[in-house]
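Please read these notes with the sequence and the model open beside you. They are set out as numbered points.

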Amino acid sequence: MRKDELPTPCYLISIRKLKKNLEILREVMERTGCRILLAQKAFSLYGLYPLIGEYLSGTTASSLFEARLGAEEMGKENHIFSPAYREEEFDEILKYCDHIVLNSMKQVERFGERIRNAGRSVGLRVNPECSTQEGHAIYDPCAPYSRLGTRAEALDPELMRLVDGLHFHTLCEQNSDDLAVTLDAVEEKFGYWMERMKWVNFGGGHHITREDYDLALLEDCIRRVQKRYGTEVILEPGEAVALNAGVLLTRVLELNRNGMEIAILDTSAACHMPDVLEMPYRPPLKASGKPGEKLHTYRLAGPTCLAGDVIGDYSFDEPLCVGQTLEFQDMAIYTMVKNNTFNGICLPAIAVEEEDGSCRIWKEFGYENFRCRL
C-alpha cells in the first residue's frame, strides 16, 4: 500500500526513523554499559516491541496493564513505578515485573519484604528537590507539595535496608545539561545511600535522540555514577525512542471564514493529540509556516463540539481545498497512548511505513471501539 492510499486520520510510524533512534540508544548502552528501557507511557505500539527489544533492555510501566503489555509483548527486563499500588493488583505486578519502584517509606514498609520474598528488586523513587523545568509546571515532579518521590529527610535507615535501587525522574524533553544539574542535587542529598545501592535509575525525559542532544555529557553522567558508587545505571526514556518517528495524516473536511480562514479537519486536538491542549504546544506541520509567513493563513481545527478544539494557526503557499491531506509531524509519542473517543469521534488508524516506503495498516477502529468503552 502507498502512503497516499492510507485512510485518514491515521498515525503512520516510520520503521527507518524508529531504527535510527534505537541505534543511537543502543550505542549509548554499548559505550557505557548502562541499560535503557522503553517507557511505555509515551509509546505503546506493541506490534513493534519485538523490533525495539532487539535494541533496548526492556520496558518500564506505570500501571498493571502497561506492566503486563511489556512482559507479554517484549518479554525482557520489566520495571514499574506508581505513586500508589492497588492491593488487589499487587500479586499480578509481582508476576510481571522484576524491578518494582515504590514512592514512599510507607510503601517500603508495606511492600518491601513482599517484593524481596518474591525474588524481585525493590526500588525507591526520591525527590532531589531540584527543578529544571521552564514553562511546564504540570510536568515538574520537584514542584512544591509534589506527590512524586521521597525527600532525603524522610528516609528511614532501618527500612532502607530493603531497598536495592534509587530512582529519580525530574526531566521532560530536556538535554543532558539539566541531567547534570539534577545529578549534582541527587548526589548531595542521597550520595550516602547511593553507595549502598545495586542500581540507580535516571528516569526519563532525556531527549537523547534529538539532533542537538549532548551525548558526551550524558555518558559522563552515567560513568560518574558507575565509578563513584559502583552501581548499575538505568535510563527509561519514552519520547527518545519514537521521537520524530511518526506522523498523523489528516484530511480537510470543510473550509469557512470568521475573521480569518478556518479549516475543519478529520482529526481533533482534543481526541487525537491531547498534548496540544494539555501542554499546550503547536505541532509541526509539513510544508507550512507560521501565521502570515506564507501567503495563505488558516486556523486548523477539529470536528468536535469543543469550542477550543483548535490545533493552531498555519500558513501555506497555496490555498487549502476540501479533501486535501495534511501531515502533522512527531505524532508517534503521547498520541496513541492518550487518545479518546469524545463526541464519538473515531480513533485514527495506525499504520507502519517500512524501510522501502511501502505502508501497511496495523489497526483500524470503528463504532465498537467507541461503544465498548461505555
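**Notes on the predicted model**

1. The crossing of helix 1 and helix 8 is right-handed, meaning that the near helix is turned clockwise from the far one by less than a right angle. Helices here are DSSP runs of H or I with at least four residues, strands are runs of E with at least two, and both are numbered from the N terminus. This is a predicted model, in which local features need pLDDT of at least 70 and side-chain atom pairs count only at pLDDT 80 or more, while totals for chains, interfaces and linings use all residues. Residues are numbered from 1 along each chain as its sequence is written, and side-chain values use heavy atoms, with hydrogens and water left out.

2. Two packed helices are described by the angle and the distance between their axes. Helix 1 (residues 15-32) and helix 8 (residues 215-229) have axes 10 Å apart and pack at an angle of about 40 degrees. The two are therefore oblique to each other, a class for angles that are not under 35 degrees (roughly parallel), over 145 (roughly antiparallel) or 65 to 115 (roughly perpendicular).

3. Which residues of helix 1 and helix 8 make the contact? Helix 1 gives I24, V28, R31 and T32, and helix 8 gives L215, L218, E219, I222, R223 and Q226; contact means heavy atoms within 4.5 Å.

4. F202 and L300 touch the most other members of the largest nonpolar core, which has 96 residues. Such a core is a set of buried Ala, Val, Leu, Ile, Met, Phe, Trp, Tyr and Cys residues joined through side-chain atoms within 4.5 Å; buried means under 20% relative accessible area, exposed over 50% and partly exposed in between, with a 1.4 Å probe and protein chains only. Neighbours within four places in sequence aside, the contacts of L300 include A263, L265, Y314 and F328.

5. Most residues other than glycine have a negative phi, and most peptide bonds are trans. The bond from T8 to P9 is cis, with omega near -5 degrees, and P9 lies in the segment before strand 1 (10-14). Another cis bond runs from M279 to P280, with omega near -15 degrees; P280 is in the loop between helix 11 (275-278) and strand 12 (296-301).

6. A287 is not a glycine, yet its phi is positive, at about 60 degrees. A287 lies in the loop between helix 11 and strand 12 and is exposed, with a relative accessible area of 62%.

Definitions and conventions:
Axes are lines fitted to C-alpha atoms, for helices over the stretch in contact, and angles run from 0 to 180 degrees between N-to-C directions.
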